[in-house]
Amino acid sequence: MSQRQAILPFNHRAPDELNQFIGNDAVLSVLKTPVELPQFVYLWGVQYTGKTHLLQAVENLFLAAKKTVFSLPAVQLLSTDLVAVLPAEMDCLMLDDVHTLAASTEGELALFNLFNHCKSRHIKLLVTANMHPKDNAWQLPDLVSRLTSGLTLMLEPLKGQAAFDCLEKQFEYYGLPLDEPVMHYIKTHCSSAYSELYKLFLLVAGESLQLKRKVTVPLIKHALTTAGTGPTLNNDA
């Protein structure tokens with residue numbers, strides 16, 4: 001399937017609680033008690049493994065525990081000196097997609113300084129990335145040593161029945177329940193890798209909402225044709 005994605009025509013996001021996350025049970029068991037996490041956590045996985053979902057869920061748990069927590073995209077470090085503007089007293093800082101700073105001298109130095117700031121003030125720092133902390137894209141050796149100094153958690157991509165279950169829930173969150181014939185068609189004609197199923201979701205959900213049509217097998221076929229692939233036989237369920 002091509003990389004083209006439809007933009008969903010209204011502002012709605014799936015619930016971000018841990019109990020709505022499918023798969024990676026070992027990671028969930030660690031994150032369910034965030035106040036017990038070590039000072040630094042590096043959560044990584046390839047695209048569409050749910051990193052942002054988990055970060056938001058953990059943020060909610062911190063807030064429920066009456067902790068002061070800030071969450072923001074890591075790319076903001078390129079335009080804001082967080083060390084200078086963060087509150088003196090806080091419990092946790094969460095950065096999403098720190099890989100966006102890799103190979104950037106300015107970005108890596110900003111992350112390095114922020115890491116040191118949080119550690120010296122006993123502020124928990126949770127970051128997400130789509131690559132391993134020892135990936136060659138990181139250029140600053142001192143930063144790599146810090147990125148590998150805490151708890152590293154890896155999210156395995158969903159595939160098989162778990163991936164289909166996740167796709168079905170994704171449609172439900174957007175008020176687009178899938179009939180059994182539709183799910184049967186997807187299971188028998190599409191890859192069961194969630195990375196591919198999520199691209200299908202973006203195409204189909206966007207068109208369904210714009211046209212105000214329910215999701216049907218013809219709509220699935222049209223989305224696959226529009227993406228330029230046609231059905232991809234499921235060989236990995």
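Reader: In what order do the strands of the sheet stand, and how do they pair?

Author: Strands (DSSP E runs of at least two residues, numbered from the N terminus, as are helices, H or I runs of at least four) count as paired if DSSP finds at least two bridges between them. Here 5 strands make an open sheet, ordered β2-β3-β4-β1-β5, with parallel pairing. The edges are β2 (69–73) and β5 (151–154); each has a single partner strand, so one side of each lacks a neighbour in the sheet. From one strand to the next the twist averages 15°.

This is a predicted model, in which local features need pLDDT of at least 70 and side-chain atom pairs pLDDT 80 or more, while totals for chains, interfaces and linings use all residues. Numbering starts from 1 along each chain as its sequence is written, and side-chain values use heavy atoms, without hydrogens and water.

Reader: Which strands does helix α2 touch?

Author: Contact means heavy atoms within 4.5 Å. Angles, from 0 to 180 degrees, are taken between N-to-C directions of axes fitted to C-alpha atoms, for helices over the stretch in contact. Helix α2 (residues 51–64) touches β1 (40–44), β2, β3 and β4, and its direction makes about 165° with that of β3. Helix α4 (residues 105–120) lies across β1, β3 and β4, at about 160° to β3.

Reader: How many disulfides are there?

Author: A disulfide is a pair of cysteine sulfur atoms within 2.5 Å. The whole structure has 0. The closest cysteine sulfur to that of Cys92 belongs to Cys118, 8.4 Å away, too far for a bond.

Reader: Is Cys92 buried or exposed?

Author: Buried means under 20% relative accessible area, exposed over 50%, and partly exposed in between (1.4 Å probe, protein chains only). Cys92 is buried, at 0%, and stands opposite Lys124 in β4.
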